[in-house]
Amino acid sequence: MKAIGGLTALLVAALAAPGAALAANVVEGQRIYNQHCIGCHGPGGNSAIPNAPKFARGERLMQPDMILLASIKAGKMTMPSFNGILRDQEILDVIAYLRTLQR
Ligand code: HEC
């Protein structure tokens, strides 16, 4: 696997859940984000609708990956459930991408 984003990839690997076979893939995460999340969370995490957290400001990202995974699978307020739409590994890839957006 390629070392994407150096430190980020390392951190992601370190934080990956026991049982998560692969380190998260940030590039894949970006692709999935642009397909499923960008409509509300906006390009680069600058949210496109009111009430959607701005990941560019790090909003809501101070939580462990496994908690974010559970929230994304369950859905929250107007955010639909992604259970059965995205696999856990795909959601973890997106979370890894979200963590690169903060500036
Ligand atoms: C239909 C609009 C919409 C879409 C599509 C959407 N979200 Fe959200 N998302 C929201 C809103 C609104 C909230 C805030 C919910 C709340 O008030 O707690 C949210 C919250 C979140 C949170 C924070 C959860 C928490 O614990 O507070 C994360 C992480 C997140 N979304 C990730 C994603 C990802 C990843 C995708 C794509 C796979 C996605 N969202 C798609 C609207 C959306």
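Predicted model: local features only at pLDDT ≥ 70, side-chain atom pairs only at ≥ 80, totals over all residues.
Figure 1. For Lys76, an N or O atom of the side chain is 3.1 Å from an oxygen atom of the ligand.

**Figure 2. The pocket and the shell around the ligand.** The largest pocket holds the ligand. Two elements, α3 (38–41) and α4 (65–74), each give two or more residues to the shell around the ligand. The largest share, three residues, is that of α4. In total, 21 residues surround the ligand, and the closest are Cys37, Cys40, His41, Arg60 and Met79. By residue class, the shell consists of 13 nonpolar, six polar and two charged residues.

**Figure 3. The iron atom of the ligand and its protein donors.** The protein provides two donor atoms to the iron atom of the ligand, NE2 of His41 and SD of Met79, at 1.9 to 2.1 Å. This pair joins distant parts of the chain, as His41 belongs to helix α3 and Met79 to the loop between α4 and α5 (88–101), 38 residues apart.

**Figure 4. Geometry at the iron atom of the ligand.** The site of the iron atom has six donor atoms and is octahedral, with angles among the donors of 82 to 180 degrees. For six octahedral donors, the ideal angles at a metal are 90 or 180 degrees.

Key
Residues numbered from 1 in each chain as written. Heavy atoms only, no water. Near = heavy atom within 4 Å. Polar contact = N/O pair within 3.5 Å; in protein donor to acceptor, adjacent residues only side chain to side chain. 1 Å grid on protein atoms, 1.4 Å probe; cavity = no way out; pocket = protein on both sides within 12 Å on 5 of 7 lines; lining within 4 Å. Sits in = over half its atoms within 2 Å of the grid points. Helix = DSSP H or I, 4+ residues; strand = E, 2+ residues; numbered from the N terminus. Nonpolar A, V, L, I, M, F, W, Y, C, P; charged D, E, K, R; others polar. Donors = N, O, S within 2.8 Å, 3.2 Å for Na, K, Ca; no water. Tetrahedral: all angles 85-135°; square planar, octahedral: opposite > 155°, others 65-115°.
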